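Subject: Structure for you to look at

Hello,

Here is the structure I said I would pass on. Please open it first, then read my notes below it.

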Amino acid sequence: FGVLYDGGSVLDIGGQISYRNIEKLKIYLRGNYRSYTMDNEAYAWHKPAVEVSLGGVYDMGDKLLLRADMFFLGTRYAKSLTEVTGVDPVTVMDGSTVTDVYYPVELKPIFDANLGVEYRLTEKVSAFLNVNNLTTKKYQQWLRYPNQSINVMFGGTVRF
């Protein structure tokens, strides 16, 4: 990975709608649309224009919480410095000197879902189990870095 700095501007339009039923059920729908205008780069690399998520938490009493969420990330562009089959190279010139050659790769949209359960031993100590990537789809959030298939994470929390 390399760090790349550029200036620009972002138009960000977003919102969230939530529903809550007597502290037992919480549901939300969140969305963002972003339009990037970069000073030098062709794209805001790896930044999707559209992000949408739907999720909720159900409190089954003082001890057990159930969580679920689904999310969508729109297409993003990644800057590859090595040749990519089917992608035309972009050559950046400064006068008659080539300063950069890269391949703008469009990454596919992502849709995924997660489930989780939390058991509260006390008000401040709990254990959880999360199951991520329920769609078991192979996707790349970052170019050439595939996600894990369905995965399970468990652990505990302590609140101070």
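I start with Lys 47, which is partly exposed at a relative accessible area of 44%. On this scale, buried means under 20% relative accessible area, exposed means over 50%, and partly exposed is in between, with a 1.4 Å probe and protein chains only. Before going further: this is a predicted model, in which local features need pLDDT of at least 70 and side-chain atom pairs count only at pLDDT 80 or more, while totals for chains, interfaces and linings use all residues. Residues are numbered from 1 along each chain as its sequence is written, and side-chain values use heavy atoms, with hydrogens and water left out.

Lys 47 sits in the loop between S2 and strand S3 (50-59). Helices (H or I, at least four residues) and strands (E, at least two) are DSSP runs, numbered from the N terminus. Leaving out residues up to four places away in sequence, Lys 47 touches Tyr 36, Thr 75 and Arg 76; contact means heavy atoms within 4.5 Å. From Lys 47 to Gly 2 the C-alpha distance is 16 Å, and the two are 45 residues apart in sequence.

The second largest pocket holds about 170 Å³ of space. Lys 47 is among the residues closest to its centre, together with Tyr 36, Tyr 43, Ala 44 and Tyr 77, out of 14 lining residues. Strand S2 (25-38) and S5 are the elements that give two or more residues to this lining, and S2 has the largest share, with 4 residues. By class the lining has 8 nonpolar, 3 polar and 3 charged residues.

Some terms for this part. A pocket is found on a 1 Å grid over the protein atoms alone, as an open set of points where a 1.4 Å probe fits, with protein on both sides within 12 Å along at least five of seven lines; lining residues have an atom within 4 Å of a point. Grid points are joined across faces, edges and corners, and the volume is the space filled by probe spheres set on the points. Ala, Val, Leu, Ile, Met, Phe, Trp, Tyr, Cys and Pro count as nonpolar, Asp, Glu, Lys and Arg as charged, and the others, Gly among them, as polar.

Thr 75

Thr 75 is in the loop between strand S4 (64-73) and strand S5 (76-80), and is partly exposed at 34%. Its contacts beyond four places in sequence are Lys 47, Pro 48, Ala 49, Glu 106, Leu 107 and Pro 109.

The core

Which residues make up the largest nonpolar core? They are Ala 78, Val 84, Tyr 103, Val 105, Leu 107 and Leu 143, 6 in all. Strand S7 (residues 97-107) gives the most to this core, 3 residues. A nonpolar core is a set of buried Ala, Val, Leu, Ile, Met, Phe, Trp, Tyr and Cys residues joined through side-chain atoms within 4.5 Å. In soluble globular proteins, nonpolar side chains tend to be buried together. Beyond four places in sequence, Val 105 touches residues including Ala 78, Val 84 and Leu 143.

Asn 114 is in strand S8 (residues 110-120) and is buried at 14%. Its side chain reaches the backbone nitrogen of Asn 133 at 3.1 Å. Glu 118 also lies in strand S8 and is buried at 7%. The side chain of Glu 118 makes a polar contact of 2.8 Å with the side chain of Arg 67. A polar contact is a pair of N or O atoms within 3.5 Å; within protein, one must be able to donate a hydrogen and the other to accept it, and residues adjacent in sequence count only if both atoms are side-chain atoms.

Thr 135 is in the loop between strand S9 (125-132) and strand S10 (140-142), and is partly exposed at 23%. A polar contact of 3.1 Å joins its side chain to that of Asp 112.

Most residues other than glycine have a negative phi. Asn 133 has a positive phi, near 60°, and so does Thr 136, at about 55°. Asn 133 is buried at 3%, whereas Thr 136 is partly exposed at 42%.

Regards
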